[in-house]
Structures are given as C-alpha cells and as structure tokens.
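Hi,

Here is the structure you asked about. Please open it alongside the notes below.

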Amino acid sequence: MSNTMRVLGIVPARGGSKRLPRKNLALFAGKPLVARAIETALAAERLDRVVVSSDDSEILQIARDYDPEIVLRRPDEISQDRSLAIEFVHHALGILEGNGEPHFDAVCLIQPSSPLTRPSDVDDTIALLEGSDVDSAVSVSKLDQEFHPLKLKLMQGDLLIPYLEEEKGRMAAHEIPTVYSRNGSVYVTRRRAIDEGKVIGDDCLGHVMPREYSIDINDEIDLAFAEFMLNRQSHATA
C-alpha cells in the first residue's frame, strides 16, 4: 500500500484497436496482454485499488476471473478511437468515489501494450512521484543513438536535410547528449492535475526502465520481438 498517497491503478483496455485488431486480447506467452497487465497491477505494492476499464465483455470477463471487484465497464461513448484518456480516468474516479470509496490522491495507468512491465516499475514510478512536489511521474527508456533527434533528417527529393539541427560532426555516442522518451508502460499523476484535465502534468519525473523491458506493442512485429525478449530473459535467469 502507498505510504502517503492513496493511488488508484487503472488498466485501460478497450476492445478496439486499429493496427493490431483486438490488441489487448492478443496472446503473449500464452496469456492475453490484458491479463499480464492485471497481474502486474495486482502484484504492485503501492496501488491501493485496481480496476480494469473496458467496454469489451471478453476483456471484462478476464478481469472478473481475477477479481470481480476490479471490473469497471467503460461507456461506449468514451471508448472510441479518438476518445481521450482523461475521459476514462474521470469515469473511474466518478464511479468509485460516487460509490463511497475514499478519495484517491493519484492515478496510475498500467498499459497492457507493455507486457514486460514489472510490478517494481509501477512501485518505483509511484515512489518517485511521492518523493516530490511535481504533478506526474512516468516510465521512460533511453533512446538508441540511431534514433537520436540530432540524427533525424527530412528528404527534399534525394537530398537529406536536418530535421532539428546539424549534427556538426557529432557522430559518436559520447559526443551527443543522452535523451529519453516515454516508453508507454506506467503513468502516475496527482489528483490536482487529473482534476484539471491532465493525464500527465506540466512537471514530470522519469523512472528509467531498461530497454529490454520497454517494448510497446503496436503490431505483430512488436509482439514477436517481445516474445523473443521474454524468452531471452528467461534463458538468462535459468
């Protein structure tokens, strides 16, 4: 349980998905992606409450098999491709607190599309926020050198031109600053920002996750690569 903040964990898992149809039900290591996210959330020690927010009956049944108390049916009108995350967050808070549950001080999103997220990543991201006065903390991973912003280019015909600025001869890793990006695994935000309509606040801290745990599933290739990394990790620890 969290020490100072009462934290609601939400596993957001609507039924629709464009690039990988019914992505949240895709099997990963023999389990639906949403099942892995549920297990991660339930194993985290700093979440005071966990719900699975979904419009899909099959997904909600999977959640029910873990614990009927975590099932939260999401209305269809906030389950569309262009629906905003803040809508299901407000819906969850409204339902739970409207039914008499104590006030939540923060909300944590645990994404099914990141199947290698560990319970410790959830706990460490929450702890990072608790130890600060900022609005949010999110999981991040270090960007590979080949994807560094200084190396990004546009093309005018066949001519490469800088997207941001010239590399100016900076080619080696030690010559350019280390950059990070959100890896899509864990988002934690204080209630004050949530009440202002922000899933991520203006001031945000980053919990660094290793690259091998930072895979975000968007298509079949991502899914296959995540399976490969899981098998590789299993063999390394065997």
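**The sheet**

Seen in this predicted model, 7 strands make up an open sheet with mixed pairing. Their order is S5-S4-S1-S6-S10-S7-S11. Strand S5 (71-73) and strand S11 (204-208) are the edges. Each has a single partner strand, so one side of each has no neighbour in the sheet. From one strand to the next, the twist averages 30 degrees.

Strand S7 (residues 136-142) pairs with S11 in the parallel sense, over 5 bridges. There, Ser-139 stands opposite His-207 in S11.

**Helices on the sheet**

Two helices to check:

- Helix H2 (residues 57-66) lies across strand S4 (49-54) and S5, and runs at about 160 degrees to S5.
- Helix H3 (residues 85-98) lies across strand S1 (7-12), S4, S5 and strand S6 (106-110), and runs at about 125 degrees to S1.

**The cores**

The largest nonpolar core has 28 residues. Val-34, Leu-47, Val-52, Cys-108, Val-122 and Ile-126 touch the most other members. At least two residues each come from S1, helix H1 (33-43), S4, H2, S6, helix H4 (119-130) and strand S10 (180-190). H1 gives the largest share, 5 residues.

Which residues does Val-122 touch, not counting those up to four places away in sequence? They are Thr-40, Ala-44, Leu-47, Cys-108, Ile-110, Thr-117 and Val-186.

Another core, of 19 residues, lies apart from the largest one. Its members include Ile-78, Ala-92, Val-140 and Tyr-187.

Best wishes

Methods: Residues numbered from 1 in each chain as written. Predicted model: local features only at pLDDT ≥ 70, side-chain atom pairs only at ≥ 80, totals over all residues. Heavy atoms only, no water. Pairing = 2+ DSSP bridges. Helix = DSSP H or I, 4+ residues; strand = E, 2+ residues; numbered from the N terminus. Axes fitted to C-alpha atoms, helices over the stretch in contact; angles between N-to-C directions. Contact = heavy atoms within 4.5 Å. Core = buried A, V, L, I, M, F, W, Y, C linked by side-chain atoms within 4.5 Å. Buried < 20%, exposed > 50% of the residue type's maximum accessible area, 1.4 Å probe, protein only.
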